[in-house]
Amino acid sequence: MAERLNNIISWRERHISERQFVLLLSLFVGFFTSVAAWLLKTLIHWLSFLVRTVVETTGHTWWLIIFPVIGIALAALFVRYVVKDDISHGITKILYAISQRKSIIKAHNMWSSLVGSSLTIGFGGSVGAEAPIVLTGAAIGSNLARIFRLDQRTMMLMIGCGAAGAIGGIFKAPIAGLVFTLEVLMIDMTMASVSPLLISSVTATAFTYLFSGTAPMFPLDTTADFDIVRIPLYILLGVVCGMMSLYFTRGMNALETRFKRLRSFWLKIALGGIVLSVLIFLLPPLYGEGYDTIADLLNGRAGNTLLGSPLAALPLPAEWLLLAYLLLVVLLKIIASVATNGGGGVGGIFAPSLFMGAITGFLVARLLSDVGIMVPEANFALAGMAGLMAGVMHAPLTGIFLIAELTGGYHLFMPLMIVSVLSYLTIMLFEPHSLYAMRLAQKGELLTHHKDRSVLTLMSLDSVLESDLRTLRPEMTLGELVKVIQESSRNIFPVIDNEGHLLGILLLDEVRNIMFQPRLYSRFTVSQLMTSPHAVLYYDMPMERVMEVFEDTGAWNLPVVDHDKRYIGFVSKSKIFSTYRDVLVQFSEE
């Protein structure tokens, strides 16, 4: 098998140029990703049909609060005992793979997320299937590139192709697939890079059309044309969506952190399942992805959201009951999503953000109508979906194009643009990073659209570490030091103790005036001559922080230690600049 693969690679290198092969490979990535998206949708649909059949056959609706717990437990057991790896936070994993420049995503991600998210969502977990399929597509791209031994820069591009194909395939949204990859995952893409992304996205969408038809996911029946006099109202909606995005981002992050503190595997399943079951019992729209609720709001059937809820019997006026109920749904959605994933389920935040956006837009429209300002509720629900997605993902273009392609609402580009941009600008006042990027940014591992920072992120301390310096002991005499200096080509020497701890440094310039006086060779010891470094660097520091230390201290060389202060090596500013230049050249090549 290996020999056959070597022959194929050899033939390809002789007959197909690198540029042509990348374009061809991007087509295959798009095809395989569309198959994966179709398979995921099919599995979710089949499991959902199974749940409905059980409910209809037995006549017991309480199965709807039991099955989500079963799905969470099955997904958690699958991940723990079959995959034996963390497959949550799919897009964060992609960002990490890109940020660390290796662009390697484990092979099991080509199928493990499909199984885990199918079990979770098919049985009613309150999350979305889009992030798992994006991770699946990225894994397909990464592993195909590895099979054909492409360089890391091309592997990064293939990850982007997989992500673009995944969005295009699962949403039937080729432009959104391209824009999502450029806006959320990639940096400084050239035209040569855009072509493969576009090929993957269009290919995946085309095959999805063949598999499931060309109709948009949310066909619209009741939208009105854009009216310029409503621009101030859309501005208001944009600000509201920005604040709701902030609630989504900070709330989700805080709740996930609390869940992670739980050490017991079974306790997580139990707690997540109980919380989700209670929420679904009280608020049935929290069951599953919530796409039925979105369709109801977009097409004038808002009253359907109350069906099956014990809260519908509350003695309140119908209008205020509906508004209070939907407000409760939108505020508690993040708890349902975190309970699903925290309990062991596998899913993403695409669907929750669309769900919350549609309800937010509808609530704003209904409240305006109640005070005498009549607005089309479907238009506002549509714009709210774009606004939440733009705010949560920090991706206004993705919000605009995805919602337009999801619904066929191309005539509403203006309100989509206004709400998306205002939502993005609002959340940027409070949160500089999206929910996906937040954890990587805190660790200094995030690749951003700022080229200087991106190049520093692509570098690692290991790549500039110099470990060939001669070390000194504090008890060594000046005479012994002179012998070491004679055998060394460096002008700086770390001083360490018997356990390897860094005690100080000795600079050649500091002893130059006495090193040629033999009468002093036994008078002075290294401990008397050494000095403290301006600062020390830790081996796991991100490069951006390393450069800040150099700038703050004005040093040209700094020692590197571990967290026990054991000496590892030295880093010089000249070495950093040289490596930076090399990475920048490679990073900027087409």
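**Cavities, burial and strand pairing**

Reply: The lining of the second largest cavity comprises 4 nonpolar residues, 5 polar residues and no charged ones. The model under discussion is a predicted one.

Me: Which residues form the lining of the second largest cavity?

Reply: Ile87, Ser88, His89, Gly90, Ser113, Ala131, Pro132, Val346 and Gly347 line the second largest cavity. A lining residue must have an atom within 4 Å of a cavity point. The volume of this cavity is about 30 Å³.

Me: How many cavities of 30 Å³ or more does the search find, and what is the volume of the largest cavity?

Reply: The search of the whole structure returns 2 cavities of 30 Å³ or more. The largest cavity holds about 150 Å³ of space. It has 14 lining residues, of which His89, Glu256, Gly347, Ile349 and Tyr436 are the closest to its centre.

Me: What makes up the lining of the largest cavity by class, and which helix gives the most to it?

Reply: By class, 5 of the lining residues are nonpolar, 7 are polar and 2 are charged. Helix α4 (residues 90-99) gives the most, with 3 residues.

Me: What term applies to phenylalanine 49, and why?

Reply: Buried residues fall under 20% and exposed residues over 50%, with partly exposed in between. Phenylalanine 49 has 49% relative accessibility, so this residue counts as partly exposed. Phenylalanine 49 belongs to helix α2 (residues 18-58).

Me: Which residues of helix α21 are buried, and what covers them?

Reply: In helix α21 (residues 478-487), the buried residues are Leu478, Gly479, Leu481, Val482, Val484 and Ile485. Their cover includes the strands β1 (492-496) and β2 (502-507), together with α22 (508-511) and α23 (526-529).

Me: How do you know which strands are the edges of the open sheet?

Reply: The open sheet consists of 3 strands in the order β3-β4-β5, with mixed pairing. The edge strands are β3 (537-538) and β5 (567-572), each of which pairs on one side only.

Me: What makes the pairing mixed?

Reply: Two strands count as paired if at least two bridges are found between them. There are 2 bridges between β3 and strand β4 (residues 557-561), and these strands run parallel. Between β4 and β5 there are 5 bridges, and these strands run antiparallel. The pairing of the sheet is accordingly described as mixed.

Me: Why is β4 described as largely enclosed?

Reply: Of the 5 residues of β4, 4 are buried, so the strand is largely enclosed by the rest of the structure.

Me: Where in the protein is confidence lowest, and where is it highest?

Reply: Confidence is lowest in helix α19 (residues 451-458), with a mean of 54, and highest in helix α17 (residues 413-428), at 95. The protein averages a pLDDT of 85, and 91% of the residues score at least 70. Where pLDDT is low, the predicted coordinates should not be read in detail.

Me: What describes the protein as a whole?

Reply: The secondary structure comes to 25 helices and 5 strands. Along the principal axes, the C-alpha atoms fill a box of roughly 100 × 60 × 55 Å. Of the 590 residues, 54% are buried. Among contacts between residues at least 6 apart in sequence, 75% join residues at least 24 apart.

Notes
Residues are numbered from 1 along each chain as its sequence is written. This is a predicted model: local features need pLDDT of at least 70, side-chain atom pairs count only at pLDDT 80 or more; totals for chains, interfaces and linings use all residues. Side-chain values use heavy atoms; hydrogens and water are left out. On a 1 Å grid over the protein atoms alone, a cavity is a set of points where a 1.4 Å probe fits but cannot get out, and a pocket is an open set with protein on both sides within 12 Å along at least five of seven lines; lining residues have an atom within 4 Å of a point. Grid points are joined across faces, edges and corners, and a volume is the space filled by probe spheres set on the points. Ala, Val, Leu, Ile, Met, Phe, Trp, Tyr, Cys and Pro count as nonpolar, Asp, Glu, Lys and Arg as charged, and the others, Gly among them, as polar. Buried means under 20% relative accessible area, exposed over 50%, partly exposed in between (1.4 Å probe, protein chains only). pLDDT is the predictor's confidence in each residue, from 0 to 100. Contact means heavy atoms within 4.5 Å.
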